[in-house]
Amino acid sequence: MTDTPIIESEMPKAYDPKKVEDKWYKFWMAKDYFRAEIDPKKTPFTIIMPPTNVTGELHIGHGLVMTLEDIMIRWHRMKGDPALWLPGFDHAGIATQVVVERELAKQGTDRHKLGREKFEQTVWQWARTYLQTIKEQKMKLGCSCDWSRERFTMDDGPSLAVRTAFVKLYNKGLIYRGERIINWCPRCRTALSDLETEHVDVTGNLWYVRYPLEDGSGYITVATTRPETILGDTAVAVNSEDERFKGIVGKKAILPVIKRSIPIIADNAVDPAFGTGAVKITPAHDPVDFEVAQRHNLPLVHILNPDATMNEKAGPYQGMDRFACREAIVRDLEKDGLLVKIEPYSHAIGHCQRCKTIVEPLASLQWFVSMKPLAKPAVAAVADGRVNIIPERFNKVYLNWMENIRDWCISRQLWWGHRIPVWYCGDCRKLTVAIDPPRTCQHCGSPKIEQDPDVLDTWFSSALWPHSTLGWPNDTEDMRYFYPTTVMETAYDILFFWVARMVMMGLEDTGKVPFHTVYLHGLIRDEKGEKMSKTRGNVRDPIEIAAEYGTDAMRCAFLTGNAPGNDSKLTDVKLEGGRNFANKLWNATRFVVRSIPEGKIDLAIRHSSLPAEDRWILSRLNRTVNTVTGMMENYQFGEALGRIYDFLWNEYCDWYIELAKIRLRPEFNGPSPLPVLIHVLETSLRLLHPYMPFLTEELWQNLRHRLPAGWQKTEAIIVAGYPVVDEKMFDEHAEQVLDSIIEIVRAIRNARSEYKVDVNHWVTAEIYAGDLAGAITPYAEAVQTLARARPIALHKVRLKETVRENAVVSVLKETEVVIPLASMVDLAAEQERMRKEIEQLEPDIARLEARLDDNAFLNKAPPAVIAKERERLGERKDRLARLRQQMGKSG
Ligand SMILES: [Zn+2]
Ligand SMILES: [Zn+2]
């Protein structure tokens, strides 16, 4: 049994998140509140947390993810749903390998010097360190995820799922090995998928090069952006319809420099409008050329080593870097008189997403997933609504992309990741594809088998995440109960990388969609709306922010102005707003707690005998619960928090507590406000708990500590029930009365501030309240106290014109407030002050008018200056008119 953390006998004056946050997180953990229990009678609510990359520490985007998912989970847990939030970590194949390689480079070594085994050990160490750091950071952010079910993509379970899925797809013919054009990163020395290649527009050149015809009858000119690839050409192609080249097709051309003879062919893929209309065909280094070569049975000539230096096929350029070779070959072409011209040319060039190196498209023997058969059911699942994407506009984006999907290159020439479960036989050359490592070849029984050295694309294991984490391929209780999961919450920029592939693989492996709802959040940008990045130097660390402002304040700031799918800005104003809100609630609760008397207390609320203000706040509370619940059901968490904030700050703290203070005075005769004061606060804290978990737990426990045992059913707010609307509490009449009272007090306060009335000075007021007069009368004392107006007179009939003279009149929704000027200011002194001001204004106005009549000024001055002068004149004329009117009133 764990004891509840210490609640001090006197609440400290100020909220100190540092003293509160860790204490409650430990308590929640010790009580095992985060663990999801299987209850066959109930429908579970499940979120599989996007596995965090073990490449480094949490960034601001993770802060938003953790906040949104924690809100959903805490809300459903409080609603009584078995709520599972399964936390996880991703080995992040290439990303982790790149950062570890950078570390090694700093130490003057690299992975090749270390060797595969040592390198893997180094990465494991790195991964374990960051996994632990990230886990602790998630705890700091208040994540109430089920740590007993934590998963890492390289764990035995998810690894078994990876091998099983691979073998199943292979046996169905949906995974194949073949030579295709892939994107090759020469720095990472691996193949990349299309998604891992970022296309950036660059201005390069288009070189026009003349190839001599073999029969000596002339030249054919081609244009290229990569002259070094001339060395890999195996043909020149023209469009078969192109009249310009009739008679030349079928001849042979001689490649410059290396003098290899190549055919001139016709193919409809050639665009006659590009360059000269004749193009060079480099099948091993270009996707379009690769296809042309297949149609025409052309050979492939590879000219690059894995590090993008030129290989032996490059003749005199062997050993040069690809870009050095480009310069050298251009020089040689010029020397030989084969360079016709150079044109500037801008085009998109692929870069490695992880290390930003320019990738080379090249033909390579790799493993691929055949995507079209997998995409079909995944399209249907979104089209028929089994998977619903929020915001809705992304449904279309998803469907468009799926329609044009291409096969997925899944093999990576990396060392960090899931090894491909394929073994090659040294004797019969055949493949053994198996879930468990075989000892012998399944075809000939030879023990001379060797596993494929490559690993799988890190997104392959991510694609299985919703089912692999729950135990698939084993038939587990968790899999049966929690799958399909409920919500997948993630960033919109990985819709294709991840969400689409999860839908495909979930359907393929389990026959069911992996989740019913996809909630896509936007990016968090800086104050100016710029993307946060290390190069811009505007990155903010969520852990530092939480330490400075408090975790709950940061969570509020994330939610302020946040809507699904939209980017949002993180500003200091928002963070300060969150902190002020926490302080406001702290002070309010402290007031309530200090009002609780020692000994016996009657907390029963007898609705029939409640005064209007109690009925009003209960009505407003229930309307807030109603609105907030509706918004949360529609995933409008930012808006929902806004409503809770408005209710607590404006209605509860600024009005209800102020009214209650009057009733808590010893001399007050009437019902105590405490039962309602406590009830509304306690309910609001529960309403707010998913958003500000630490603060609400601390405040709730402070109440609980001072109230009779059995006051609440649970021993912590985290497991208390989420508020449910009680429509019987809606009370329009009470709302009308209190709205009027609030308006009256505001009107008097506004008049006081307009006339700069000293705080210690009391004004008087005549109030016409019509039919509401009877209901407002009991609040005369309250209005006097809150507005510092005494006496006030309440009238049922309209006020006479004479009363309205020499007074500030405010016509409100249901009432009218009249404050005699004499009660606010010393009239003689005020007259004198106004007379002086008029004396100053009149010549000023005359001067401005003269100026604006002067054509010389009007012709010379810039329009902005003239506009400014006109504005000034208008302001002064208005002021003068107001002063004259006021002088007339009080004169
Ligand atoms: Zn790279
Ligand atoms: Zn064999």
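**Chatting through a predicted model**

Me: What joins the side chains of Glu57 and Gln137?
Reply: A polar contact of 3.5 Å joins them. A polar contact is a pair of N or O atoms within 3.5 Å; within protein, one must be able to donate a hydrogen and the other to accept it, and residues adjacent in sequence count only if both atoms are side-chain atoms.

Me: Before we go on, what sort of model is this?
Reply: It's a predicted model, where local features need pLDDT of at least 70, side-chain atom pairs count only at pLDDT 80 or more, and totals for chains, interfaces and linings use all residues. Residues are numbered from 1 along each chain as its sequence is written, chains are lettered from A and ligands numbered from 1 in the order in which they are written, and side-chain values use heavy atoms, with hydrogens and water left out.

Me: Switching topic. Which residues are the protein donors of the zinc ion (ligand 1)?
Reply: Cys185, Cys188, Cys352 and Cys355, each through its SG atom, lying 2.2 to 2.4 Å from the zinc. Donors are N, O and S atoms within 2.8 Å of the metal (3.2 Å for Na, K and Ca); water is not among the atoms, so sites may look incomplete.

Me: How many residues apart are Cys185 and Cys352?
Reply: They're 167 residues apart, so this pair links distant parts of the chain: Cys185 is in strand 6 (residues 175–185) and Cys352 in strand 14 (residues 339–352). Cys185 is buried, at 0% relative accessible area, and Cys352 is buried too, at 1%.

Me: Why is the arrangement around ligand 1 called tetrahedral?
Reply: Because its four donor atoms subtend angles of 102 to 116 degrees. Four donors count as tetrahedral if all angles lie between 85 and 135 degrees.

Me: What about the zinc ion that's ligand 2, which donors does it have?
Reply: Cys425, Cys428, Cys441 and Cys444, again by SG, lie 2.3 Å from that zinc. The angles there are 104 to 113 degrees, so this arrangement is tetrahedral. In sequence the spacing is C-x2-C-x12-C-x2-C.

Me: How does Cys428 count at 27% relative accessibility?
Reply: Cys428 counts as partly exposed at that value, and Cys444, at 41%, is partly exposed as well.

Me: Last topic: which residues of helix 15 are buried?
Reply: Pro542, Ile545, Ala546 and Tyr549, in a helix that runs over residues 542–549. On the other side of helix 15, Glu544 and Glu548 are exposed.

Me: What covers the buried residues of helix 15?
Reply: Helix 1 (17–30), helix 2 (60–79), helix 16 (551–559) and helix 17 (572–595) are included in the cover.

Me: And what caps the N-terminal end of helix 15?
Reply: Asp541 does, with a side-chain oxygen 2.9 Å from the backbone nitrogen of Ile543. Just after the helix, Gly550 takes a positive phi of about 100 degrees.

Conventions:
Four donors count as tetrahedral if all angles lie between 85 and 135 degrees; four count as square planar and six as octahedral if opposite donors are over 155 degrees apart and all others between 65 and 115; anything else is irregular. Buried means under 20% relative accessible area, exposed over 50%, partly exposed in between (1.4 Å probe, protein chains only). Helices (H or I, at least four residues) and strands (E, at least two) are DSSP runs, numbered from the N terminus. Contact means heavy atoms within 4.5 Å.
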